[in-house]
Amino acid sequence: MEKLKLYGFCEDSLSWIQSYLSDRLQSVHIEGKQSKFLSVTSGVPQGSILGPLLYTIFTNELPELVHDHPTPDDQGMFNMYCNSCGSLCCYADDSPFSFASSSLDCLSTTLREKYSYVADFMCSNDLKLNGDKTHLMLLSSERGWRSKLTDDSLTLITSLSDPPVKTTRNERLLGSVISQNLKWTEFILLNENSLIKQLVSRVNALKVISHSANFQTRRMIANGIFLSKLVYLIPLWGGCESFLLRALQTIQNKAARVVTNQGIFTSTKVLLRECGWLSVAQLVFFHSVVLLFKTRLTKKPRYLFEMAEIQGNTRYGTRTSHERKLFSVGHQLPSNQFNWNSYRWRSVRSWNLLPRKMRELDNVSEFKKQLKIWVRDNVEI
């Protein structure tokens with residue numbers, strides 16, 4: 001309850017939450033037999049609306065456990081990224097830790113140490129760290145180094161009683177599939193639950209209802225079940241290989257034909273115009289720039305905000321500062337096309353292509369409205 005007070009909950013809310021979590025009983029029913037009811041002294045009802053919020057408040061200091069140095073006052077409490085300590089990014093009870101090093105020995109030592117910190121924190125707060133759901137992935141985009149790695153190159157010893165955690169090639173995280181080689185082929189194309197397979201199933205569902213629904217209804221449903229799935233995490237995977245974007249464009253064209261009842265010889269440009277949609281490449285541009293705009297406007301999340309700065313504060317001079325152009329900071333220019341297409345560089349390049357008046361806007365709705373018109377006229381399908 002003390003943490004809830006720190007977060008500004010009023011007395012009425014605190015009283016309601018306390019009554020909501022108090023005087024609860026539980027029993028177990030197995031093979032026709034039921035145990036006696038026992039008092040529940042910790043935890044929240046599973047599936048409750050307040051559950052994720054209360055868990056986040058209860059474990060709000062978890063990201064700071066991995067840092068070996070005090071956080072400066074001007075950076076606030078939560079320092080998400082640190083070159084020397086790594087970072088722990090929490091989403092409810094999913095908490096991936098990341099650390100970068102060119103030495104496998106350093107990686108092994110650091111991961112084992114940070115895992116111990118988190119396990120001790122969980123134990124001291126009556127929580128359990130699930131070793132079976134703890135996975136390890138070794139990421140690398142360098143061909144020379146990656147060619148020397150094997151599945152057994154790095155293991156994590158969590159405890160003497162549990163088996164060691166070995167590296168995996170692909171992991172599902174928040175609805176996406178992260179691959180060891182930092183590419184998106186597995187997520188978009190190869191996975192048994194890939195993005196393309198999910199989109200195809202939604203197109204088939206559209207075909208079922210297309211015979212009994214008018215155009216407006218078909219478009220509304222397509223926006224809800226197809227387009228929303230297509231744009232999920234699109235700023236993240238938008239820098240994938242061109243053949244993956246073309247494959248997604250083919251699926252989008254199929255969905256547009258179902259919505260518009262047009263034949264297979266109708267051009268992509270006509271299909272998109274009738275549906276009021278942007279192409280896949282245009283959607284990548286649009287959502288990447290919108291995310292950058294919101295980050296610049298709110299200055300959150302901090303690690304993304306600090307990624308790009310207004311030119312003019314450095315050697316580039318004052319003219320580009322007046323034009324509100326950006327440049328990526330903290331890294332040298334990428335040496336290959338793979339890194340050049342990452343969100344860091346792709347979003348900044350896209351931003352600098354916009355007209356000056358659009359870059360000077362400070363309203364999200366107006367920016368998105370003007371951006372969609374500009375993207376439709378200036379970004380290739």
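Predicted model: local features only at pLDDT ≥ 70, side-chain atom pairs only at ≥ 80, totals over all residues.
Colleague: Let's start with the second largest pocket. What volume does it have?

Modeller: Its volume is about 360 Å³.

Colleague: How many residues line the second largest pocket, and which lie nearest its centre?

Modeller: There are 17 lining residues, and those nearest the centre are Leu 245, Ala 281, Val 284, Phe 285 and Arg 346.

Colleague: Which helices each supply at least two residues of that lining?

Modeller: Look at α10 (242-260), α12 (280-298), α16 (343-353) and α18 (364-378). The largest share comes from α16, with four residues.

Colleague: And how do the lining residues divide into nonpolar, polar and charged?

Modeller: Eight are nonpolar, six are polar and three are charged.

Colleague: Where does Asp 23 lie?

Modeller: You'll find Asp 23 in the loop between α2 (11-21) and β1 (25-26).

Colleague: Does Asp 23 count as buried or exposed, and why?

Modeller: The cut-off for exposed is over 50% relative accessible area. Asp 23 counts as exposed because its relative accessibility is 80%.

Colleague: What about Asp 126: what is its phi?

Modeller: Asp 126 isn't a glycine either, yet its phi is positive, about 60°. Asp 126 sits in the loop between α4 (104-124) and α5 (143-146). With a relative accessibility of 66%, Asp 126 counts as exposed.

Note on methods: Residues numbered from 1 in each chain as written. Heavy atoms only, no water. 1 Å grid on protein atoms, 1.4 Å probe; cavity = no way out; pocket = protein on both sides within 12 Å on 5 of 7 lines; lining within 4 Å. Points joined across faces, edges and corners; volume = space filled by probe spheres on them. Nonpolar A, V, L, I, M, F, W, Y, C, P; charged D, E, K, R; others polar. Buried < 20%, exposed > 50% of the residue type's maximum accessible area, 1.4 Å probe, protein only.
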